[in-house]
Amino acid sequence: MLAQDWPISADMRVYWMRGPSWEVPDLRGTSMHARRRPHVSFVILSWGIFCILVTPTLGQMSYLNNGVIRIGVDLSKGGSITYLADAGTGQNMINSYDLGRQIQQSYYSGPSNFDPYNNQHPSWSPWSWNPIQSGDVYGHRGTVLQHSNNQTEIYVKSRPMQWALNNVPGEATFETWIRLEGTAARVRARLTNARTDTAELFSARHQEMPAVYTIGLLHRLFTYQGLEPWTNGTLSEIGHVPPPWVNWRATEGWAALVNNSGWGLGLYRADGTLFIGGFAGTPDTGGPTSSHTGHMSCLFREHLDSNIVFEYEYAIILGWLSDIRTWVYQQPRTTRPTYHFANNRQHWHSQGAFDTGFPIDGSLRFPLAGAPPILIGPPCAFYAADVPTMYIRAAYQTASARTGRLYWELNNEGITGGVFPIEQSMTFTTIPDGEFHTYVLPLESEPSYTGLLSRLRFDPGHGGMSGESVQIQYISATRLPEIETSVTKLERSVYYGTTLSNETFTVRNAGSGTINFSIADDAPWLNVTPSTGTSSGEAKTFNISYSTAGMALGEYNATITVVDPNAINSPRTIPVMLHVRPTMAMRADFDGDGDVDMADFGHLQACYSGSGMPPVAGCENADLDGNNTIDQNDFTLFRQCLSGTNIPVNPLCGQ
């Protein structure tokens with residue numbers, strides 16, 4: 001077979017020559033995104049006939065196949081998804097024209113011009129910090145650090161490359177988990193940052209989660225962007241308008257690129273509605289290595305700390321457009337927003353002031369001095385009628401009360417930035433005690449609150465002083481399970497040798513659902529019964545008993561702890577302070593000889609100050625009634641305990 005008769009594959013180009021010279025085209029001229037450094041081989045085909053095989057680094061593929069669809073990651077491209085096909089036809093739907101395409105992880109953060117080694121590509125300058133899974137613009141590829149495939153799940157851990165720089169690995173790792181479910185692939189992605197160039201928290205930037213590039217045959221982009229999601233409303237087709245990528249609100253959380261027949265690939269995010277996409281090139285043309293491509297991505301504006309661990313999930317679906325939508329409709333979804341800042345920002349970002357950064361431990365903390373923080377939530381799509389009330393749980397460490405304000409955007413009034421008129425807001429007065437409180441905002445009481453709730457904004461307050469701050473646990477349409485106790489602390493006193501009477505307290509769930517809690521105490525003199533309980537809002541009563549008869553004089557501290565891991569404020573603690581005080585008989589025996597006689601009376605008489613006058617030094621113990629003066633009341637108490645010389649005092653005197 002002569003060279004010109006050889007079939008050409010995506011991974012091999014064949015060039016041939018006769019005689020004493022040959023010619024190899026400059027592959028770098030194919031695109032400014034040239035990625036591959038070709039390996040060149042010389043082969044003698046027959047006498048006087050030579051060929052040059054220019055073979056880019058061969059892909060190292062890892063596949064899953066469930067008999068319906070087949071998906072593959074390229075281990076020579078950082079483990080990005082480069083193959084997705086119907087298992088029957090095998091036609092790949094993913095575009096890999098350069099290392100900036102595929103389906104892959106890619107992130108953006110500051111600084112705006114990241115060029116620490118002065119080797120930024122001139123066509124991509126200035127360019128921000130931007131690690132990308134497949135590789136950089138110069139053709140250096142991401143490195144797979146770990147890979148496994150048990151034919152049920154693919155796992156890849158990789159080191160990304162800084163897109164615009166020349167052979168600069170990102171100070172981060174990417175992890176990807178992939179599983180197949182019928183016509184869909186479910187993907188979980190994780191970024192673990194380990195930046196050493198800066199610890200600065202930069203302004204939030206839009207992140208493509210994920211970036212999806214398809215072959216040119218999938219050139220028709222469909223979505224639902226109406227105001228009545230989940231009603232099988234009419235779909236919209238996003239036209240080919242320059243520039244190639246446009247933004248829209250996909251109020252059902254999905255979009256699909258399909259061919260002329262309506263078959264193709266869908267992208268679904270259960271928690272996102274801001275999408276970007278379009279088509280570049282000639283429609284209905286080209287395969288996996290062609291420049292013609294469709295693109296779509298779900299966008300979130302995120303702060304990416306230098307040490308953040310950041311995760312998200314998505315699904316990609318193959319099939320007819322109607323089947324893609326049906327698959328999406330079959331997925332579980334929530335009808336009300338719940339943003340619980342337990343260990344991440346829940347896709348919220350801030351302007352003005354930033355939070356104190358990652359790791360996030362139970363709440364977001366913002367300083368209130370200086371520029372006030374403005375928190376902006378992710379685009380969403382919830383019917384206002386399903387969200388009559390919003391709850392904000394926050395702790396204000398301030399000298400005085402502030403005014404918090406919650407804004408809402410309706411009916412996709414904004415696309416990327418959000419629109420928040422003052423008429424669409426509600427205020428509340430904060431409690432400045434440093435403790436967490438749940439603030440209730442009845443949005444349904446506002447006449448303008450109708451239609452589709454499409455975004456939220458929260459202004460915690462203005463005008464703070466140095467050291468003042470706010471912590472925010474959640475912003476939610478559902479009050480999360482919350483342990484509420486009838487007492488917040490207990491302080492009791494008992495005379496030496498006596499027993500303190502029992503008492504009770506109650507526990508209830510102040511939020512939604514049911515709490516199943518346990519109660520424990522940590523002192524031998526304290527006992528709470530029973531030790532467990534449940535509440536769906538009703539108060540449950542618990543008994544406290546004290547064993548104090550044998551306790552020495554002094555102050556004792558203990559804690560009652562109520563625990564349900566599903567409650568927002570678990571563990572809920574009740575501090576208990578116990579004072580074991582000397583009896584009046586012990587206090588009146590000033591010389592401690594076991595009797596109360598005239599010698600003790602002499603000390604009291606010498607210390608007499610008169611009403612309203614504090615005792616002098618050394619006479620504090622003569623203030624028997626504890627009113628900071630030694631007067632007739634103290635003499636009255638003393639007479640009740642007077643026993644005489646060598647006669648033991650009545651231990652119950654004066655009580």
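Numbering the bonded cysteines of the chain in sequence order, what is the pairing? I looked this up and noted that the pairing is 1-2, 3-4.

**Ground rules.** I am working with a predicted model, in which local features need pLDDT of at least 70 and side-chain atom pairs count only at pLDDT 80 or more, while totals for chains, interfaces and linings use all residues. Residues are numbered from 1 along each chain as its sequence is written, and side-chain values use heavy atoms, with hydrogens and water left out.

**Cysteines.** I took a disulfide to be a pair of cysteine sulfur atoms within 2.5 Å, and by this rule I found two disulfides. In the link of Cys607 and Cys619 the sulfur atoms are 2.1 Å apart, and with -75° about the S-S bond this link is left-handed. Cys607 lies in helix α3 (residues 598-607), and Cys619, 12 residues apart from it, lies in the loop between α3 and α4 (632-641). For helices I used DSSP runs of H or I with at least four residues, and for strands runs of E with at least two, numbered from the N terminus.

The other disulfide joins Cys641 to Cys653, with 1.9 Å from S to S; the torsion about its S-S bond is about 100°, so I recorded it as right-handed. I then checked burial, where buried means under 20% relative accessible area, exposed over 50%, and partly exposed in between (1.4 Å probe, protein chains only). Both Cys641 and Cys653 are buried, and Cys607 and Cys619 are buried too.

I next traced nine strands that form an open sheet in the order β9-β10-β12-β13-β22-β19-β18-β15-β16, with antiparallel pairing (two strands pair if DSSP finds at least two bridges between them). β9 (143-149) and β16 (236-238) stand at the edges with a single partner strand each, so one side of each is left without a neighbour in the sheet.

Within this sheet I looked at β12 (residues 172-181) and β13 (residues 184-193), which are joined by 10 bridges, and I saw that Thr173 stands opposite Thr192 in β13. Their hairpin has two residues between the strands, and Gly182 there takes a positive phi near 65°. Nine bridges join β13 to β22 (residues 309-320), where Arg186 stands opposite Ala315 in β22.
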